[in-house]
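User: Hi! I am new to reading protein models, and I would like to go through one with you step by step.

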Amino acid sequence: MQKPPPALTSFLATPFPALPVLAIIALVLIAPPGATAQNLTVRAGHLVDVEGGSVLRDQEIVVRDGVIERIGPWRGGVGHAPEDSVLDLSDRYVMPGLFDTHTHMSLVVDRKKDGGNFFVTSLLDNTPYRAIQGVANARDMLAAGFTTIRDVGNSGNYGDTALKTAIAEGLVPGPTMHTAGRIIAPFGGQFFLQPEKKSLGEPEYFYADTPGEIVKAVRENLHFGADFIKIVVDDQRYIYSVDEIRLFVEEARRAGTYVSAHCWTEEGARNAIAAGVHTIEHGPYMSNEVLEAAKAAGVWIVGTEFTVEGLSQSFTGDDLSAIEAEHEAFVDRLRRSHALGVRYVFGSDIVYTKEGETRSSLTFTILENFRKAGISPADQLRAMTLNASLMMGLEGERGLIKKGWAADIVAMPSNPLVDTHALEAIDVVLKNGRLFRTAGGI
Ligand SMILES: [Zn+2]
């Protein structure tokens with residue numbers, strides 16, 4: 001794990017005189033998108049400024065080696081390097097690539113197979129198969145315009161970090177990823193075991209119940225490629241205390257990273273905020289008092305505002321009135337977070353499947369709840385770009401169309417500042433300046 005095998009891209013970059021010419025051509029032809037940087041000028045008929053919530057007409061974005069070099073009024077094709085290709089998006093709305101900050105690329109809950117129980121899924125599906133599911137989901141997400149994602153665990157034995165590595169090496173297409181590795185939790189994780197099968201929750205969850213186990217779990221995750229630490233605070237009767245969570249936070253901080261805390265209860269969120277976590281995942285039952293505490297501590301809310309369908313398809317239980325009440329709690333918490341000025345980002349937590357839909361098309365359904373909570377299109381776009389970038393520590397790198405930032409750019413036929421349904425029709429996607437999808441095809 002410490003030293004991954006050389007990537008196809010680095011192999012291609014290395015002169016290899018013994019290889020016959022035909023073989024070299026074949027390798028170049030199968031080189032995946034993202035293998036090398038590209039210089040091009042994007043002509044943007046309508047450039048969406050997500051920071052200011054406005055649209056600039058007829059602009060150009062000059063991309064060099066995957067990075068944005070210049071933004072300004074379209075110069076009519078003059079002033080560019082002669083070798084530059086021009087991507088004409090004069091009839092499109094152009095904006096930064098989208099972020100989904102709570103994904104599980106390698107978890108696919110299928111009611112027909114597992115009755116909607118993700119514990120059953122993790123038992124049926126081994127890590128190699130789940131890595132392949134992750135490849136398919138990552139490709140689908142990138143094609144839909146999600147150029148950066150955070151994967152928060154549930155991928156067997158580090159399937160998420162393997163996927164991240166393969167994407168970064170250019171072996172398969174997908175968004176830029178930050179990964180959590182194995183989710184750390186008190187004994188049992190998010191499941192309910194029986195005494196003769198105590199290990200069934202592993203490797204899906206990494207149990208840590210003592211200070212020593214907490215430190216070891218953090219270090220092992222970081223060693224195997226986690227970018228941040230994900231913990232489950234409160235899915236059992238015994239929940240992590242402030243002191244226990246603080247131990248996670250300190251150990252993560254010493255390694256230069258942060259803790260994301262799954263919290264479902266008020267008490268869990270209160271403990272996590274007091275201990276200094278970076279994000280609260282879910283948090284449907286946070287009172288205004290706890291939201292104010294999050295605001296004061298600079299904690300981000302990764303809302304995962306579930307639809308009624310999402311709740312009923314992702315978890316066991318068929319009590320529709322209870323599901324509807326939980327859905328309303330999520331929408332209400334988002335509405336209150338916005339009103340109180342708490343920092344929040346877009347995170348979908350989509351894991352379920354539906355006939356005729358894909359991972360990405362279901363991801364956009366979360367925006368229904370943003371609309372229901374009265375969040376404006378401009379604020380929705382910020383939650384999916386700039387704010388997500390700030391939360392992930394990617395300011396200056398990804399999340400805006402700005403000089404010096406990576407050329408992660410998407411385009412669509414209509415204006416997302418009027419209605420974010422426009423995002424569902426994204427048909428042009430660049431990641432690191434490489435054209436992954438053009439209008440009319442992938
Ligand atoms: Zn989740």
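Analyst: Two strands count as paired if DSSP finds at least two bridges between them. Helices (H or I, at least four residues) and strands (E, at least two) are DSSP runs, numbered from the N terminus. This is a predicted model, in which local features need pLDDT of at least 70 and side-chain atom pairs count only at pLDDT 80 or more, while totals for chains, interfaces and linings use all residues. Residues are numbered from 1 along each chain as its sequence is written, and side-chain values use heavy atoms, with hydrogens and water left out.

User: How many bridges join strand β4 to strand β15, and in which sense do they run?

Analyst: Strand β4 covers residues 85–96 and strand β15 covers residues 409–412. Within this pair, Val94 stands opposite Ala411.

User: Which strands stand at the edges of the seven-strand sheet, each with a single partner strand?

Analyst: The order in this open sheet is β3-β2-β1-β4-β15-β16-β17, with mixed pairing. An edge strand here has a single partner strand, so one side of it is left without a neighbour in the sheet; the strands are β3 and β17 (434–437).

User: In the hairpin of β1 and β2, which residue takes a positive phi?

Analyst: Strand β1 (residues 40–49) and strand β2 (residues 54–64) run antiparallel and are joined by nine bridges. Asp49 stands opposite Ser54 in β2. The hairpin has four residues between the strands, and the residue with a positive phi near 70° is Gly53.

User: Which residues coordinate the zinc ion?

Analyst: Donors are N, O and S atoms within 2.8 Å of the metal (3.2 Å for Na, K and Ca), and sites may look incomplete because water is not among the atoms. Along the chain, the donors of the zinc ion follow the spacing H-x1-H-x244-D. At 2.1 to 2.2 Å, the coordinating residues are His102 (NE2), His104 (NE2) and Asp349 (OD).

User: Why does Asp349 count as buried?

Analyst: Buried means under 20% relative accessible area, exposed over 50%, and partly exposed in between (1.4 Å probe, protein chains only). Asp349 counts as buried because its relative accessibility is 8%.

User: How far apart are the closest N and O atoms of Glu204 and Arg130?

Analyst: A salt bridge is a side-chain nitrogen of Lys or Arg within 4 Å of a carboxyl oxygen of Asp or Glu. Glu204 lies in the loop between β8 (183–185) and β9 (205–207), and Arg130 lies in helix α5 (residues 127–143), 74 residues apart. Both residues are buried. Their closest N and O atoms are apart by 2.8 Å.

User: Is Lys216 buried or exposed?

Analyst: Lys216 forms a salt bridge with Glu220, with the closest N and O atoms 3.7 Å apart. Both lie in helix α7 (residues 211–223), four residues apart, about one turn of the helix. Glu220 is partly exposed at 24% relative accessible area. At 52% relative accessibility, Lys216 counts as exposed.
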